[in-house]
Amino acid sequence: MVIVRRSAERGRVDHGALDSRHTFSFGSYRDPKHVHFRALRVLNEDRVAPGGGFPMHEHDNMEIFSYVLSGELAHTDSMGNSATMRAGDVQRMSAGTGVMHSEFNPSAETAVHFIQAWLFPAEQGRTPSYEQKSFGPAHTRGGSGVTTLLSPDGREGSVTIGQDAVILSVTLTGGQRASLAIGAGRSVFVQMLRGTMSVSWNRLETGDSASITGETVVPLSGVEAESEALVFDLA
């Protein structure tokens with residue numbers, strides 16, 4: 001079964017310095033039909049104006065994943081980590097027993113555009129940890145167009161995550177195809193980041209998403225010159 005949700009159906013909060021789209025209930029946006037999908041609890045698309053951001057705040061017992069699409073994002077946390085992320089960079093913060101962190105746009109001129117997802121952890125009360133890796137902008141990766149960003153075991157050089165989840169970036173040019181196998185009992189959530197793709201024979205455009213359950217394969221094909229989707233393979 002494939003359920004498509006269009007970009008305009010997402011929740012939206014626009015504070016000027018922060019323009020955010022919420023796929024699932026988050027903050028002031030509440031939708032009982034869209035609270036989470038399996039372990040995927042939050043999926044936000046954020047644009048932060050120059051100098052804007054999120055001051056120091058606390059999280060616990062959540063796997064937090066950030067993926068920068070354009071611009072820069074400066075991270076600081078109570079574990080002693082301090083880093084600036086750029087396009088193609090992936091960050092995973094396991095909040096565990098509790099961690100304080102801040103995220104800011106250090107640029108004086110350019111907005112930062114990034115995805116942040118929260119997943120329920122496989123185990124609660126773990127020691128907080130942090131990992132970051134650069135995969136480079138999606139259009140520079142070449143090859144099959146499928147890049148493993150996060151996985152439980154760090155396969156293919158991916159960042160590790162404390163949940164039975166694999167997160168992929170799929171980049172396809174017009175007419176290029178990919179086929180993703182779905183393991184028994186697993187489900188997939190696809191979020192379009194840019195461009196247009198056919199996903200399980202449904203046309204998805206920028207900001208659209210699809211939840212896929214009870215299938216064994218997800219066929220994807222590029223419709224435009226270059227498109228990118230984020231794929232969550234979830235137990």
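This is a predicted model: local features need pLDDT of at least 70, side-chain atom pairs count only at pLDDT 80 or more; totals for chains, interfaces and linings use all residues.

Q: Where in the fold is Asp233?
A: Look for the element that holds the residue. Asp233 belongs to strand β22, which covers residues 226-234.

Q: Which side chain makes a polar contact with the side chain of Asp233?
A: Look for paired N or O atoms within 3.5 Å. Here the partner is the side chain of Arg186, at 2.7 Å.

Q: Which residues does Asp233 touch, leaving out those up to four places away in sequence?
A: Contact means heavy atoms within 4.5 Å. Asp233 touches Asp164, Ala165, Val166, Ala181, Arg186, Ser187 and Val188.

Q: Now take His113. Is it buried or exposed?
A: Apply the cut-off again. His113 has 12% relative accessibility, so His113 counts as buried. It sits in strand β11, residues 112-119.

Q: What surrounds His113, beyond residues up to four places away in sequence?
A: His113 touches Glu45, Asp46, Arg47, Val68, Leu69 and Ser70. With Glu45 there is also a polar contact, side chain to side chain, at 2.7 Å.

Q: How far apart in space are His113 and Ala87?
A: Compare two distances, one along the chain and one through space. His113 and Ala87 are 26 residues apart in sequence. Their C-alpha atoms are 8.8 Å apart.

Q: Where is Ile161, and is it buried or exposed?
A: Ile161 lies in the loop between β14 and β15 (165-173). Its relative accessibility is 5%, so Ile161 counts as buried.

Q: What should I look for in the backbone angle phi?
A: Most residues other than glycine have a negative phi. Asn61 has a positive phi of about 45 degrees, although it is not a glycine. Asn61 is in the loop between β5 (53-59) and β6 (63-70).

Q: What is the phi of Glu156?
A: Glu156 is not a glycine, yet its phi is positive, about 55 degrees. This residue is in the loop between β13 (146-151) and β14 (159-160). Glu156 counts as exposed, because its relative accessibility is 66%.

Q: Let us zoom out. How many helices and strands does the protein have?
A: Count each kind of element. The protein has zero helices and 22 strands.

Q: What does the radius of gyration tell me?
A: Compare it with the value for a compact globule. For 235 residues, that value would be near 18 Å. The protein has 17 Å, which agrees. Its C-alpha atoms fill a box of roughly 45 × 40 × 35 Å along the principal axes.

Q: What share of the residues is buried?
A: Buried residues make up 52% of the 235.

Q: How do I read contacts for the whole chain?
A: Take contacts between residues at least 6 apart in sequence. Of these, 69% join residues at least 24 apart.

Terms used
Residues are numbered from 1 along each chain as its sequence is written. Side-chain values use heavy atoms; hydrogens and water are left out. Helices (H or I, at least four residues) and strands (E, at least two) are DSSP runs, numbered from the N terminus. The radius of gyration is taken over C-alpha atoms; the globule rule is 2.2 Å times the number of residues to the power 0.38. Buried means under 20% relative accessible area, exposed over 50%, partly exposed in between (1.4 Å probe, protein chains only). A polar contact is a pair of N or O atoms within 3.5 Å; within protein, one must be able to donate a hydrogen and the other to accept it, and residues adjacent in sequence count only if both atoms are side-chain atoms.
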